[in-house]
Structure formats: structure tokens, C-alpha cells
Amino acid sequence: MIPDAFGWETPNSRLLCDTYAERAGVLVYLPEFQAGHHLPMSLMEDIGTMTSGGDSLLKKIPSTLRVVYNMAPYLYLTRPSVTTPGIQSFFTSLRSSSSSVSNLPVFAVGFCWGGLYAITLTHSTSITPEGKPLVDAAFAAHPSNLTLPGDIEKVERPLSVCQGTQDFVMDMKGVKQIQQVLERKNKAGGGDGTAKGRHEIQIVEGAKHGFAVRGNPENEVEMAQAQRAEDQAVAWFERWIAESGEGEGAKAS
């Protein structure tokens, strides 16, 4: 798993790893890819206030300032040129002949900040020195910092995206771009000549940015949205595990 901007120590991300492991029968890793540069968890409430439709502008100003104050240095310290080498190295190590999971299917799952990297791991350039793809498939929920349509045009390995309609990071124009590119790829078939239908995007009505990992446990609607993303990810893993021909107990994520 490649986490969101709040990092690898957040309880929700760790619990979700356990859920994936239990439901899909996979081994789940949640490495530290951000070199200790995470947004403080206290900022979750500020982001909620900043993006709320019910709060007054006056109430939103302090929260917005705190978000900008923390987000600017975070994005600089975790920019792709800094973090991509570590992510690529980790997945390369999984594919290494000395790895205990080298012959198992490998999946990437990413949220928000991590969604970008889950997607780029499906590109043709994400390969081992021997030319083997770093992942067999990937899942991304509410990915951020995408370059559209370029990052989606380069997708080659199977990709599943889960996206809300009320995401302040990506508007519906961006969602439609992803949808159109993936639909075109499905009609054309996989870049390596395999079966059609290798990619998907599911759109969750009313879901906000972060809904897959940061839902309010006291809000039934948000919990249902998070559950939908979880179910989509598990179904995607199970599909491509079956495609790989691996049996129970011989899976990696």
C-alpha cells in the first residue's frame, strides 16, 4: 500500500491493510515512502472544514491557512523526483529472485498522494532491470497530483480507479478524462495484446476526497462509501489473482 499524505502510521491505513489481507488472502506491505514527511493528523479536521458546504467563509479561513501552511512544504519534500526512486526500488525488490514473493502476483494500491504512484507503477517504464513489470495490477482511490490525460494514457497494466464526485482535488472534468481514456484502452485491448476490459473507473456519487480511508465512523453515508471502495479493491485483487493462476496462500500485495 502507498498511503495518503498522512503517512504510513495512520490507524485507518493499517486497519485497511489488515482487511485486505483477511478478505483477499494477500500479504500486505505498508512501507514508509515519505521519509518521515507526513501531514499532521490534526489537519484532517481542517480539510473537512475547508471543503464543507455548510460552514461559513469566516470559519473556513483559519482552516484553509493551516492546510496551505502544511501542504506547501509537504508537497515539495515528497515530490515525485524525491519519492519515486524509493517506491520503484521497493517494488523492484519484490520482483528480485532473492525475494520470498518473487514468483507471486504483485499489486499496488494507493490513496490520494499514493494514488499517483499506484497509477505510474502500471506504466511500461515501471519494470525491473530484466524487463519484468513491477506490478501485475493496481488500484487507486481519489488519486491526487495527476497530470491528465498523460498519466492515464501511459497505463498498460490493469488499473482500477475509485473516485468521488465531490472531490476538491479532482473535478468531474478530470474524472471524465480518466473515464474516456480507460474506456478507449478497453476497446482497443491491452497494450501487450491481452484481453479487453483490463481497466475500470467506478464513480461514487457524493463522495469527497479521502473517502476510501478517512471516512467518519459515525456517518453511515461515509462508511458506505468507504466500504464500496474496499469492495472494489478486493474484487480487483481477486480477479487478477485468478488470472495469474495462483492458488490460496500464494499471493502477494
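This is a predicted model: local features need pLDDT of at least 70, side-chain atom pairs count only at pLDDT 80 or more; totals for chains, interfaces and linings use all residues.
Residue numbers start from 1 along each chain as its sequence is written, and side-chain values use heavy atoms, with hydrogens and water left out. Helices (H or I, at least four residues) and strands (E, at least two) are DSSP runs, numbered from the N terminus. "Buried" here is under 20% relative accessible area, "exposed" is over 50%, and "partly exposed" is in between (1.4 Å probe, protein chains only).

**The sheet**

- Four strands make an open sheet in the order E1-E2-E3-E4, and the pairing is parallel; strands count as paired if DSSP finds at least two bridges between them.
- The edges are E1 (107-111) and E4 (199-208), each of which pairs on one side only.
- From one strand to the next, the twist averages 15°, taken between axes that are lines fitted to C-alpha atoms, with angles that run from 0 to 180 degrees between N-to-C directions.
- E3 (residues 159-166) and E4 run parallel and are joined by seven bridges.
- Cys162 has Gln202 in E4 as its bridge partner.

**Helix H4**

- H4 (residues 80-95) has 16 residues and reaches 22 Å from its first C-alpha to its last, close to the 22 Å expected at 1.5 Å a residue; the expected span is 1.5 Å times one less than the number of residues.
- Its buried residues are Thr83, Ile87, Gln88, Phe91, Leu94 and Arg95.
- They cover an arc of only 135° around the axis, so they sit on the same side of H4; the arc is that of the directions from the helix axis to the C-beta atoms.

**Helix H2**

- Leu43, Asp46, Ile47, Thr49 and Met50 are the buried residues of H2.
- Their arc around the axis is only 160°, which puts them on the same side of H2.
- Helix H3 (57-77) is included in what covers them, going by contact (heavy atoms within 4.5 Å).

**Helix H8 and its ends**

- Asn219 caps the N-terminal end: one of its side-chain oxygens lies 3.0 Å from the backbone nitrogen of Val221. That is a polar contact, meaning a pair of N or O atoms within 3.5 Å; within protein, one must be able to donate a hydrogen and the other to accept it, and residues adjacent in sequence count only if both atoms are side-chain atoms.
- Just after H8, Gly245 takes a positive phi of about 85°.

**The loop between E2 and H6**

- His142 is in this loop and has a positive phi of about 35° although it is not a glycine. His142 is buried, at 0% relative accessibility.
- Asn145 lies in the loop too, and its phi, near 60°, is again positive in a residue other than glycine. Asn145 is partly exposed, with a relative accessible area of 44%.
- Pro149 belongs to the loop between E2 and helix H6 (150-153), and the peptide bond from Leu148 to Pro149 is cis, with omega near 5°.

**Two buried loop residues**

- Thr122 is in the loop between H5 (113-120) and E2 (137-141), buried at a relative accessible area of 0%.
- A polar atom of the Thr122 side chain lies 2.6 Å from the backbone oxygen of Ile119.
- Beyond its neighbours within four places in sequence, Thr122 is in contact with Val135, Ala138, Lys154, Val155, Glu156, Arg157 and Pro158.
- Val28 sits in the loop between H1 (11-24) and H2 (43-51) and counts as buried at 19% relative accessibility.
- The C-alpha atoms of Val28 and Arg228 are separated by 20 Å, with the two residues 200 apart along the chain.
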